[in-house]
Amino acid sequence: HISLSQKVQSLKPSSTVAVTSRALELQRSGVDILSLSVGEPDFDTPPHVVAAAKAALDAGKTRYTNVGGIPELREAIAAKLQRENGLTYAPEAVAVTSGGKQALFNAFFALLDAGDEVLIPAPYWVSYPEIVSFAGGVPVAVPTTPESGYQLDAEALRAAVTSKTKLIVINSPSNPTGAVYPEQTLRAVAELAREKDLLIITDEMYEHIVYDAQHVSIARFAPERTLTINGASKAYAMTGWRIGYAAGPLPLIQAMNAIQSQSTSNANSIAQWAAVAAISDSYEFIERSRAAFWERRDRIVAGLNDLGLPTPTPQGAFYVMADTTSIHPDELEAARIILDEARVAVVPGTDFAAPGRVRLSYAVSMETIEEVLRRFKALLDSR
Ligand code: PLP
């Protein structure tokens with residue numbers, strides 16, 4: 001009998017992983033499954049990034065690096081934040097991590113004491129509440145509605161603040177809703193944070209994947225109390241390389257580095273050199289992938305709505321949230337029916353706090369989207 005810690009017993013494995021593994025199992029047994037459950041671009045990492053990794057290997061860049069990342073990458077990130085986001089950071093105020101997820105992990109552990117409350121707009125990416133709880137904090141969901149395109153209401157956010165509130169999480173463009181918050185909302189959130197003495201963690205992982213909207217960094221309006229988190233995974237099709245980063249107030253970055261020094265030590269050295277190339281020069285790749293995602297978004301949103309599965313039009317990221325109550329009122333059951341009968345893997349909204357909906361990732365080819373829509377039609381016709 002292995003007695004596991006209370007901490008880990010209360011940790012919920014991601015339901016995204018549960019659906020993906022069930023789909024893989026079916027696939028292995030020979031069933032032809034189309035997977036719209038994973039959150040990663042279907043493109044290959046751009047060749048100039050791969051070339052930079054090869055060059056790093058050949059040059060023997062295979063040793064431990066500084067905890068916070070090689071100076072070349074921190075400088076490239078600081079330059080990027082200035083150029084693309086209008087944010088001014090010294091390279092020392094930037095920390096490189098093993099994926100954006102580790103940046104979030106380090107940040108929540110550096111900031112939260114037992115009982116500290118964290119406001120998270122819902123539907124949310126499943127890892128926020130889980131990491132917050134793991135760090136001893138209390139996640140507090142602030143609901144948004146499909147009718148408003150899942151836009152955050154600053155007054156609803158204000159109403160959720162208590163004497164225990166410490167942090168606000170902003171994720172725009174959002175996974176799973178695709179909502180992109182306008183400058184006006186971000187200014188109001190920054191104002192609220194200042195008034196109530198709260199900190200802001202902004203996850204800008206999908207900043208480059210925006211359509212009929214513009215991405216704005218909230219740190220512009222409250223730099224002294226904002227930690228900006230981003231990474232290479234989604235923008236440069238580098239999910240497996242595991243490079244993320246954070247920029248913010250120096251004492252917080254130093255605390256995050258202290259945590260990292262006792263856990264992973266540093267992000268992979270070769271991937272860091274690859275990320276220098278990715279972050280410094282990938283405009284063509286970003287524009288090409290954005291155009292591809294845009295076309296796919298238009299097709300899948302129109303297709304699902306035509307089939308009678310109400311789906312709001314997301315402004316960013318590469319996910320849609322379809323209302324599947326006409327298949328089954330319970331989204332877990334709906335996802336199971338869709339997997340078993342339509343042979344399409346989707347993620348139930350349960351863990352995203354999106355009842356009655358499933359999330360579909362459209363980071364797949366147009367042909368796959370067409371086939372998914374045909375399978376949904378057959379499923380609906382048969383019921
Ligand atoms: N933040 C959001 C909103 C995400 O969707 C993801 C990945 O799915 C991440 C962060 C983490 O990405 P990574 O750890 O690959 O950088």
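Of the 13 residues around the ligand, those that come nearest are Gly99, Gly100, Lys101, Gly231 and Ser233. The model is predicted.

**Around the ligand**
- The shell around the ligand is made up of nine polar, two nonpolar and two charged residues.
- Lys101, one of the residues that come nearest to the ligand, also takes part in the contact of helix 5 with helix 6.

**The two domains**
- The domain assignment of the protein chain gives domain 1, covering 6-44 + 284-381, and domain 2, covering 62-280.
- Between the C-alpha centres of domain 1 and domain 2 there are 25 Å.
- Where they meet, 32 residues of domain 1 are in contact with 30 residues of domain 2.
- On the side of domain 1 that touches domain 2, the elements giving two or more residues are helix 2 (15-28), helix 11 (283-306) and strand 9 (319-323).
- Helix 11 gives the most to this side of domain 1, with six residues.
- This side of domain 1 consists of 16 nonpolar, eight polar and eight charged residues.

**Helix 5 and helix 6**
- Helix 5 spans residues 100-111 and helix 6 spans residues 127-134; their axes come within 9 Å and cross at roughly 35°.
- The crossing of helix 5 and helix 6 is right-handed.
- Helix 5 makes the contact through Lys101, Leu104, Phe105 and Phe108, and helix 6 through Ser127, Ile131 and Val132.
- Five nonpolar residues, one polar residue and one charged residue form this contact of helix 5 with helix 6.

Technical notes:
Residues numbered from 1 in each chain as written. Predicted model: local features only at pLDDT ≥ 70, side-chain atom pairs only at ≥ 80, totals over all residues. Near = placed C-beta within 6 Å. Nonpolar A, V, L, I, M, F, W, Y, C, P; charged D, E, K, R; others polar. Domains from an automatic or database assignment. Contact = placed C-beta atoms within 7 Å. Helix = DSSP H or I, 4+ residues; strand = E, 2+ residues; numbered from the N terminus. Axes fitted to C-alpha atoms, helices over the stretch in contact; angles between N-to-C directions. Left-handed = near helix turned anticlockwise from the far one by under 90°.
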